[in-house]
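Please look over the structure shown below before reading on.

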Amino acid sequence: MASLNENQKFWARVTELARQSIGKQAYDFFIEPAQLMSVEQDTANILLDSGMKKDYWKKQSDLITTAGFEVFGRMIDYELYANDELTELELHRLNNQSSIEEQPHSTAKPASPLVSGLNEKYNFENFVQGPGNRWTLAAAIAVADKPGDTYNPLFIYGGAGLGKTHLMHAIGNQILTDNPTARIKYVSSENFVNDYVNATRKNQMENFENTYRNLDLLLLDDVQFFSDKEGTKNEFFNTFNALYDKGSQIVLTSDRIPQELNNLEDRLVSRFSWGLTTDITAPDYETRMAILLFKSESSRLEFPSETLSYIAGQIDSNVRELEGALNRVEFVARANGIAVVDIETASQALRSLKNATQQSLSNLTIKKIQDEVANYYHISFSDLVGPKRPKEIAFPRQIAMYLVRELLGTSLPAIGTAFGGRDHTTVMYAYKQISDKMKNDMDVQKDIDSIKRKF
Ligand code: ADP
Ligand code: MG
């Protein structure tokens, strides 16, 4: 394929020759709105804004041949496409091979072809499986295999940086590979709202609905950020129904379960549970190791397993941070000309990273932890530190004590005092209880994770 510049030169030459040989009216009508999409194997693919203009263009072979010899030094043929009569397949092909960044001559914008928003970087092959994501991965693969059939909608929830968005793109990419004409759209909830607001403002609701209601697959990310404005919510509801009714697949993600989405109405939330709701939890040590092994394979440096193990031990919250840590270590190693990354280098690199998190923890207080925990479990502060002992209160209390010890390193007696004058043995017991649960109870891990993220 020719380089970008040559293509642009070629097209500039075509239009220049046209300008010289035909009248302004005809030029403006026939030539100006046309776009060069690509030049492949000596054929220029030209997109017209209307099929009725093809006959005119067929008679312009001189322009193409002349410009072709001038710019490429060989015979260039051409193929005409029209925006109003493209098959989905052609549209997709043209869309993906469009090799001209800007079309300086086309001011008239033909109806814009569908932009999927998919990121090819994320697929199933580079998603590492572990106990925290196994079921969700299985569900995602099932959905990609038979969209609209098995789990519809698929609702994925879990903390930040655990791979929700990755899996969404993986589903989209897989479906597109199996069926290149599938109409797919990945969009964050914020952008869905923006699209809607812009469409109403510009009076382009028809366009908006054409785009969103004719999809085969809608991937709507982070629905907790969906605006709670009536209009947008209503549009979302109608979009959801339209897609669902025609059997299109819908995949949603959120940082919480549907029932906790206070920004959306019950009628919508209840629809989310028509399909499958599945969660992703933080990766355990083995999974973190597997992810680091996988990601470090593509590095030019060597990472001995004890170094990876060290990193996996330092970062236990989420995969995004884990990746960040690995990149940071790699960066520091490179900067120091180190080819085999030892623990010393890793620890040096991660020290500054730790300082940054400690910064955010530096204004954390016992009171703040207590407040967040009480808030999280929907109990009052006075119950949290008071004498009551039913499980709904005793458990959050233990969690809060654990977090104070873990995050602030406060002494056991001081923690006892802060929790209504309890004995330090009570605190010790609480700490041990929760530490044990942190090893094998996913619900507790998730709770702690969610609370920590609030600080
Ligand atoms: P979320 O949407 O849940 O906040 P992302 O999907 O954006 O998280 O994931 C954050 C980063 O971590 C991405 O670069 C993603 O590729 C990576 N990642 C997350 N989980 C995994 C996994 N299981 N295997 C490989 N990479 C992962
Ligand atoms: Mg995400």
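## A loop with a cis peptide bond

Pro153 is found in the loop between helix 6 (134-145) and strand 4 (154-158), where helices (H or I, at least four residues) and strands (E, at least two) are DSSP runs, numbered from the N terminus. The peptide bond that leads from Asn152 to Pro153 is cis, with omega near -5°.

This is a predicted model, in which local features need pLDDT of at least 70 and side-chain atom pairs count only at pLDDT 80 or more, whereas totals for chains, interfaces and linings use all residues. Residues are numbered from 1 along each chain as its sequence is written, chains are lettered from A and ligands numbered from 1 in the order in which they are written, and side-chain values use heavy atoms, with hydrogens and water left out.

## Domains

The protein chain is divided into domain 1 (4-101), domain 2 (134-279), domain 3 (285-360) and domain 4 (366-452), with bounds that come from an automatic or database domain assignment. Between the C-alpha centres of domain 1 and domain 4 there is a distance of 69 Å.

## The surroundings of ligand 1

Ligand 1 is surrounded by 18 residues, and the closest are Val128, Gly161, Lys164, Thr165 and His166; a residue is near a molecule if one of its heavy atoms lies within 4 Å of it. Domain 2 (134-279) and domain 3 (285-360) each give at least three residues to this shell, and at least two residues come from each of helix 7 (164-178), helix 12 (285-297) and helix 14 (319-335). Sorted by class, the shell holds 7 nonpolar, 7 polar and 4 charged residues. In this scheme Ala, Val, Leu, Ile, Met, Phe, Trp, Tyr, Cys and Pro count as nonpolar, Asp, Glu, Lys and Arg as charged, and the others, Gly among them, as polar.

| Residue | Part of the residue | Distance to an oxygen atom of ligand 1 |
|---|---|---|
| Leu162 | backbone N or O atom | 3.2 Å |
| Gly163 | backbone N or O atom | 3.1 Å |
| Glu323 | side-chain N or O atom | 3.0 Å |

Of the 560 Å² of accessible area that ligand 1 has on its own, the protein covers 93%, as calculated by the Shrake-Rupley method with a 1.4 Å probe.

Thr278 lies in strand 8 (residues 276-280), and Thr278 counts as buried because its relative accessibility is 7%, buried being under 20% relative accessible area, exposed over 50% and partly exposed in between (1.4 Å probe, protein chains only). Apart from neighbours within four places in sequence, Thr278 is in contact with residues including Trp135, Thr136, Leu154 and Phe155, contact meaning heavy atoms within 4.5 Å. The side chains of Thr278 and Thr136 are joined by a polar contact of 2.5 Å.

Phe395, found in helix 18 (residues 391-408), also counts as buried, because its relative accessibility is 18%. Leaving out residues up to four places away in sequence, Phe395 touches Tyr377, Ile434, Lys437, Val444 and Asp447.

## Two residues with positive phi

Asp222, in the loop between strand 6 (217-221) and helix 10 (230-245), has a phi near 55°, a positive value in a residue other than glycine, and Asp222 is partly exposed, with a relative accessible area of 23%. His378 likewise has a positive phi of about 55° although it is not a glycine; His378 sits in the loop between helix 16 (366-376) and helix 17 (381-385) and is exposed, with a relative accessible area of 73%.

Key
Polar contact = N/O pair within 3.5 Å; in protein donor to acceptor, adjacent residues only side chain to side chain.
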